[in-house]
Amino acid sequence: MSTALATLELQEVGHATIRVEGADGVGELGASSADVFEGESIAMPHGRVFGGQVLAQALMAAGRTVLPEMPHRMPHSLHAYFMRPGDSDLPIRFAVERMRDGRSFSTRRVHALQHGRPILSMTASFQDPSDGLDHQVEAPDVPGPDELESIGDSYGAIDHPRAKYVATRPVDHRYVDGDIMMAPAPEQDGHQRVWFRTIAQLPHDQLTRCAVLAFASDYTPIDSMLRAHGLTWSEPGLTPATIDHTIWFHRPVDPGAWLLYDQESPSTRSGRGLMVGKVFTEEGVLVATIAQEAMVRIKPVG
């Protein structure tokens, strides 16, 4: 996880101006300034940036423009679109627009850029702690992580590129219902429960922990879509890619401790699939709700 954490240590590289211009004769419609940060990527076997990484970096960049002046204002939601694949061999620049700072909330818009083109666009909102109504749904009753095998142990000895990638993730995953890396799920119900935590301990600041949750939340959503159709990650011709990703942060979170990701895919259609998931602590506290839409295509082979 130390390498993954290093990608969250963004460097501030300057400022930019974003202008919106109308058609001929209308003139300029507005302009806003942007804080610009830069971050490195984790090397990936296929050369494409891991989506969870750029999502986490975008949230860190947004937070860097909020917390210095409002240190108690933490992220409560983010909504992101993945627009192009990123190159993991190149740095990524993050342009952060300060959309609004109110009495309780702050809104930021972030564009992640390579070669001058956006690879991700994200809006995030931050809120000061506040009293109010408080309730949550109950966590599912499932075996604990200590009763399940680590996916790193399951695939660490297999001499295959995907097995090595899975076994060396900076996040430990333990599947309640068994994984679908090589074999399909026994039931095609689109439901998956998986425990996860980072291999390394995390800093205490909540912004970093929220960013790490964003990072980890992108590993397994597509699993639930594949499960619904009896497919595996080794399916010939499988072409998956994240389209958009949303997180609502309900309560303080520590991804360095075990978290249960309760995932379900309510629909796949037109080459797209949807996952909705809830994240609970071992004590049953609901810390986040996550939704992801992904492209899931099966190309003809041969």
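Author: Between domain 1 and domain 2 an area of about 2100 Å² is buried, and carbon and sulfur atoms give 77% of that area; buried area here is the accessible area, taken with a 1.4 Å probe, that two parts lose on being put together, summed over both. This is a predicted model, in which local features need pLDDT of at least 70 and side-chain atom pairs count only at pLDDT 80 or more, while totals for chains, interfaces and linings use all residues. Residues are numbered from 1 along each chain as its sequence is written, and side-chain values use heavy atoms, with hydrogens and water left out.

On the side of domain 1 that touches domain 2, the elements giving two or more residues are helix 1 (2–6), helix 2 (51–64) and strand 3 (74–82), where helices (H or I, at least four residues) and strands (E, at least two) are DSSP runs numbered from the N terminus. The residues of that side divide into 18 nonpolar, seven polar and one charged, with Ala, Val, Leu, Ile, Met, Phe, Trp, Tyr, Cys and Pro counted as nonpolar, Asp, Glu, Lys and Arg as charged, and the others, Gly among them, as polar.

Across the interface of domain 1 and domain 2 the rule finds zero salt bridges, a salt bridge being a side-chain nitrogen of Lys or Arg within 4 Å of a carboxyl oxygen of Asp or Glu.

The domain assignment, which is automatic or from a database, gives domain 1 as 1–129 and domain 2 as 170–301. The contact, meaning heavy atoms within 4.5 Å, takes 26 residues from domain 1 and 24 residues from domain 2.

As for strand pairing, which requires that DSSP find at least two bridges between two strands, strand 10 (residues 259–269) runs antiparallel to strand 8 (residues 191–198), joined to strand 8 by six bridges, and pairs in the antiparallel sense with strand 11 (residues 272–281) over nine bridges. Leu-259 of strand 10 is the bridge partner of Phe-196, and Leu-259 also has Thr-281 as its bridge partner in strand 11. Strand 10 and strand 11 form a hairpin with two residues between them, and Ser-270 in the turn has a positive phi of about 60°.
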